[in-house]
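Okay, thanks for coming, everyone. I'd like to walk you through a model, so let me put it up and we'll go around it together.

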Amino acid sequence: MPIIETRRLRKVFRSVQRYPGVGGALRSLFTREYVDKVAVEDVNLTMEAGELVGYIGPNGAGKSTTIKMLTGILVPTSGEIHVAGLVPYQKRKENARNIGVVFGQRSQLYWDLPLRESFELLRAIYAVPRAKYDANMAFFSEILDLDEFMTTPVRQLSLGQRMRGDFAAAMLHDPSIVYLDEPTIGLDVVAKEAIRTFIAKVNEERGTTVILTTHDLADVERLCQRIVLIDDGRIVFDGALERLRMEYGTHRTLVVTLAEPCDNLTFPHTELVEQEANVVHLRFDRRKITAEHLLRLVTERCTISDVSIVEPEMEDIIRRIYLEGYRTQAPTPAS
Amino acid sequence: MTAVRPYIEFAKVAFTREATYRFEVFTSIGSLLVRVYLFRMVWQALYFHNAGIRALTLEEAITYSTVALLMSLVMDIDQTRLLVSKLEDGSIATDFMKPINIPLYFFSDGSGEVIFHAATIVPSLLLALLIVHIQVPSPLVLVVFFFSFFLGYIVGLLLNFILNCVAFWTLEISAMQLIVTWITDLLGGEVIPLVFFPPIVQGFIYVLPFAAMYSTPLLIYVGTIGPDEYVRVLLLQVMWIVIFAIASVLMWRFGSRQVVVQGG
């Protein structure tokens with residue numbers, strides 16, 4: 001049985017229509033027109049226990065709204081939602097015991113308290129037995145290096161320290177599901193790495209189910225076997241990272257170093273994207289022309305001293321999907 | 001009992017937090033003493049020019065105002081205002097993700113604050129006694145007064161909670177709160193004892209929830225409300241608590257379904 005299941009999940013936010021200017025402000029005082037904004041249109045998501053899924057999409061695509069419905073904060077406008085057998089918004093408190101949440105932009109630690117006391121308070125909230133608590137703290141401290149700032153009030157922590165504290169806070173009660181909403185935002189390389197190691201370890205060693213939303217695709221590439229892409233409130237891709245690369249990474253780049261100047265650099269299904277001194281970047285559609293064929297055409301015309309092929313960057317693939325939309329470019333399998 | 005543990009912890013945290021604002025404690029006691037002095041001057045001036053109403057003697061009026069000011073040390077605390085600020089900045093989201101009863105969390109946090117401020121009543125009273133002389137009623141009256149004060153406090157607490165819940169729909173409630181504060185100031189009997197109002201309106205004002213907050217305990221203290229009326233006035237306070245409690249539950253139930261989390 002899947003641990004997370006949503007069917008035709010939809011969320012519409014209703015807000016008062018605003019008009020521009022002073023006159024408009026007065027007008028909106030007296031008229032009550034509403035505008036509906038669809039944040040999530042139709043999300044069908046199924047996850048098995050122990051999966052680590054990257055949930056990605058551009059800003060405003062509906063990622064956070066989905067997470068908030070899964071945690072039980074927001075009530076869906078329509079559709080079904082089950083998390084570990086519970087309907088989150090109906091059984092918010094029971095659901096809360098099963099989940100851990102980290103928001104990159106918002107802390108769940110208690111601002112006025114030293115970190116250690118925040119943890120103690122959470123221990124009371126979740127009624128974590130002392131032995132379990134001590135074991136967990138030892139495990140977290142080791143990976144996240146919490147000891148150096150355990151007695152510092154949360155308001156004085158650096159962003160990286162606070163995030164590490166937030167991760168420990170979210171995992172203190174051994175949740176079976178963890179939602180991570182942009183957890184690496186604004187962190188430096190070292191802190192990012194510590195956080196990634198932590199996520200991977202928790203997923204592997206404890207079998208925790210993880211949903212990770214992020215704009216940093218390095219997170220996804222490092223951690224997720226499966227990615228779910230959401231755009232305009234709909235899931236536009238759901239599958240292995242490799243498959244996305246295969247289906248959308250249709251273009252590669254042949255980088256050639258010319259031994260001597262060569263004039264005519266136009267080849268079929270190929271675009272000259274960059275030329276710097278004698279290094280030429282040729283972007284080609286690998287469904288229409290093979291690298292080997294292109295290389296042959298190049299060598300027929302020019303003398304080259306070096307050659308390499310650049311695989312498409314994940315970043316570029318995702319950017320293309322965001323820009324061009326998913327449906328407009330029906331995936332044709334590579335030949 | 002693990003079920004109440006978290007709430008005791010919340011109250012403790014709030015108590016400790018309040019205790020760190022030492023300067024605020026001193027200024028609130030200082031401003032209280034100034035007001036005690038001003039009220040003494042005002043009542044003396046009014047009574048010397050025979051403008052006082054015979055419903056209370058000068059000494060009773062001064063006692064009334066001083067006790068009212070001491071009560072305000074805890075009555076003025078909006079125990080659940082955390083709700084509004086959390087709705088405004090969106091941090092309510094993290095509370096919804098915890099296995100806690102959220103209104104109870106706000107009440108506990110506020111309780112810690114109230115308990116701290118209640119402790120400042122004693123030094124304030126001792127200092128106030130340097131400025132004014134206040135009457136002390138019999139022990140029985142004192143017990144009834146404290147009970148009625150407690151009920152009045154609950155009425156105010158629930159009224160504030162209902163107002164704070166409006167923020168689920170509007171986010172902004174300060175103007176509305178200001179209006180309610182003015183009405184409470186006028187009709188609650190904190191500033192002007194309700195016995196000074198024209199007899200025609202008095203019967204009407206006493207039934208309102210505002211009178212249940214300040215006026216009822218204060219009139220018990222000064223003896224205007226005698227023992228034969230205790231049951232009736234206390235029941236009236238209880239009635240408002242029941243009505244406001246029901247309204248609170250409904251407001252919370254419908255309000256919390258409205259949550260729109262601000263900012264991402």
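A quick word on names before we start: helices (H or I, at least four residues) and strands (E, at least two) are DSSP runs, numbered from the N terminus. Keep in mind that this is a predicted model: local features need pLDDT of at least 70, side-chain atom pairs count only at pLDDT 80 or more, and totals for chains, interfaces and linings use all residues. Residues are numbered from 1 along each chain as its sequence is written, while chains are lettered from A and ligands numbered from 1 in the order in which they are written.

Let me begin at one cysteine. C224(A) sits in the loop between α8 (217-223) and β8 (226-231) of chain A. Is C224(A) buried or exposed? C224(A) is buried, because 24 other C-beta atoms lie within 10 Å. The cut-offs here: buried takes 20 or more other C-beta atoms within 10 Å of the residue's own, exposed takes 12 or fewer, partly exposed is in between, and C-beta atoms are placed from the backbone.

So what does C224(A) touch? Not counting residues up to four places away in sequence, the list is L52(A), V53(A), G54(A), L212(A) and L241(A). Contact means that the C-beta atoms, placed from the backbone, lie within 7 Å. On the other hand, take L157(A), which is 67 residues away from C224(A) along the chain: their C-alpha atoms are separated by 29 Å.

Two of those partners come up again. The largest nonpolar core has 132 residues, and V53(A) and L212(A) have the most contacts inside it. By nonpolar core I mean a set of buried Ala, Val, Leu, Ile, Met, Phe, Trp, Tyr and Cys residues joined through C-beta atoms within 7 Å. And which element gives the most to this core? That's helix α8 of chain B, residues 139-170, with 13 residues. Back on chain A, L212(A) has contacts, beyond its neighbours within four places in sequence, that include Y55(A), L180(A), I199(A) and D219(A).

Let's zoom out to chain A as a whole. Chain A is split into domain 1 (4-245) and domain 2 (250-311); those bounds come from an automatic or database domain assignment. The C-alpha centres of the two domains are 44 Å apart. Chain A has 11 helices and 13 strands, and its C-alpha atoms fill a box of roughly 75 × 60 × 45 Å along the principal axes. Of its 335 residues, 35% count as buried. Among chain A contacts between residues at least 6 apart in sequence, 72% join residues at least 24 apart.

Now a sheet in chain A. It's an open one of four strands, in the order β11-β12-β10-β13, with antiparallel pairing. Two strands pair if DSSP finds at least two bridges between them. Which strands are at the edges? Those are β11 (270-276) and β13 (304-310) of chain A, each pairing on one side only. The twist averages 20° from one strand to the next. Axes, by the way, are lines fitted to C-alpha atoms, for helices over the stretch in contact, with angles from 0 to 180 degrees between N-to-C directions.

Strand β10 (251-258) is joined to β12 (279-285) of chain A by seven bridges, antiparallel. In β12(A), T257(A) has V279(A) opposite, and V256(A) has V280(A) as its bridge partner. With β13(A), β10(A) makes six bridges, again antiparallel, and there L258(A) stands opposite I304(A). Helix α10 (291-301) of chain A packs on the sheet, touching β10, β11, β12 and β13, and its direction makes about 30° with that of β10(A).

In the loop between β10 and β11 of chain A you'll find H269(A). Its phi is near 55°, a positive value in a residue other than glycine. H269(A) is partly exposed, because it has 14 other C-beta atoms within 10 Å.

Last stop, the interface. How many residues of chain B are in contact with chain A? The count is 20 from chain B, against 25 residues of chain A. On the chain B side, α1 (5-19) and α5 (92-96) each give two or more residues, and α1(B) gives the most, with five.

Notes
Contact = placed C-beta atoms within 7 Å.
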